[in-house]
Amino acid sequence: DLWGEVTSGDELPYLSKHSWNAGSLTLQATDTIRLSSNVTVSSRQVTNQSSATAHRNDASTGDSGNITLQSKHIIMENNSMITAHGDNGNDGGSVLLDAGSTTDASIDIDGGQILGKSITLDVDALRNPSSNYASFSSSTNATITLDNNSVIGNAQTDNVTISATALQGTPGISSGVVINTDIRNAVATVNLNGVSITAANDVAV
């Protein structure tokens with residue numbers, strides 16, 4: 001279940017309340033997905049499916065589905081939660097936050113919580129210019145920021161992967177003499193400040 005407000009695309013409201021039966025969920029936006037404060041996005045099965053509190057706290061009654069968010073920018077505000085957690089003999093689902101762009105891409109978790117069997121935060125800012133004259137001063141930035149007591153994973157989480165990649169591809173060079181200045185840059189950053197990351201097996205940053 002998803003409760004609260006999620007904005008997608010050009011900051012249009014995606015929905016305020018929606019329910020589904022613990023299947024896999026994918027949310028996609030062209031620019032930004034924002035989970036405002038106190039939003040709960042859940043693929044869990046619990047006794048009271050209509051209660052956000054139950055999705056956060058109660059025991060599972062069945063296996064959880066997978067959750068995927070894909071956009072250029074993904075933002076989780078304070079006390080928002082994404083959970084595919086599984087317990088009570090039931091399997092958890094995977095959670096993937098996938099941010100990508102040819103210029104700037106980011107994941108910003110400001111006091112949010114993510115639970116699942118496996119959790120992946122992946123940001124890619126990849127630019128492949130068509131020629132050495134195209135955007136010779138361009139920049140790409142891939143940024144992940146986790147702060148304000150954010151929680152990623154728990155004892156039921158197998159693995160947590162946090163990855164940021166920024167790349168400027170090698171431009172094509174035409175024949176003849178080439179005179180040009182190349183001051184392009186690519187910066188990948190992972191900021192961890194007051195965050196708890198827990199996994200039973202591996203944590204990779």
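Student: How many helices and strands does the secondary structure of the chain hold?

Tutor: Helices (H or I, at least four residues) and strands (E, at least two) are DSSP runs, numbered from the N terminus. Here the chain has 1 helix and 18 strands. This is a predicted model, in which local features need pLDDT of at least 70 and side-chain atom pairs count only at pLDDT 80 or more, while totals for chains, interfaces and linings use all residues. Residues are numbered from 1 along each chain as its sequence is written, and side-chain values use heavy atoms, with hydrogens and water left out.

Student: In what order do the strands of the open sheet lie?

Tutor: Strands of a sheet pair through backbone hydrogen bonds, either parallel or antiparallel. Two strands count as paired if DSSP finds at least two bridges between them. In this chain, 6 strands form an open sheet with parallel pairing, in the order S3-S6-S9-S12-S15-S18. At the edges are strand S3 (25-28) and strand S18 (202-204), each of which pairs on one side only. From one strand to the next, the twist averages 10° (axes are lines fitted to C-alpha atoms, for helices over the stretch in contact, and angles run from 0 to 180 degrees between N-to-C directions).

Student: How many bridges join S6 to strand S9?

Tutor: The parallel strands S6 and S9 (residues 94-101) are joined by 5 bridges. Ser71 stands opposite Ala99 in S9.

Student: Is Ser60 buried or exposed?

Tutor: Buried means under 20% relative accessible area, exposed over 50%, and partly exposed in between (1.4 Å probe, protein chains only). Ser60 has a relative accessible area of 1% and is therefore buried. Its place is the loop between helix H1 (52-57) and strand S6 (67-71). Over the chain of 205 residues, 42% are buried.

Student: Which side chain makes a polar contact with the side chain of Ser60?

Tutor: A polar contact is a pair of N or O atoms within 3.5 Å; within protein, one must be able to donate a hydrogen and the other to accept it, and residues adjacent in sequence count only if both atoms are side-chain atoms. The partner of the Ser60 side chain is the side chain of Arg44, at 2.9 Å.

Student: Where does Asn90 lie, and which backbone oxygen does its side chain reach at 3.2 Å?

Tutor: Asn90 belongs to the loop between strand S8 (81-83) and S9. Its side chain reaches the backbone oxygen of Ser60 at 3.2 Å and that of Asn88 at 3.3 Å. Asn90 is buried, with a relative accessible area of 18%.
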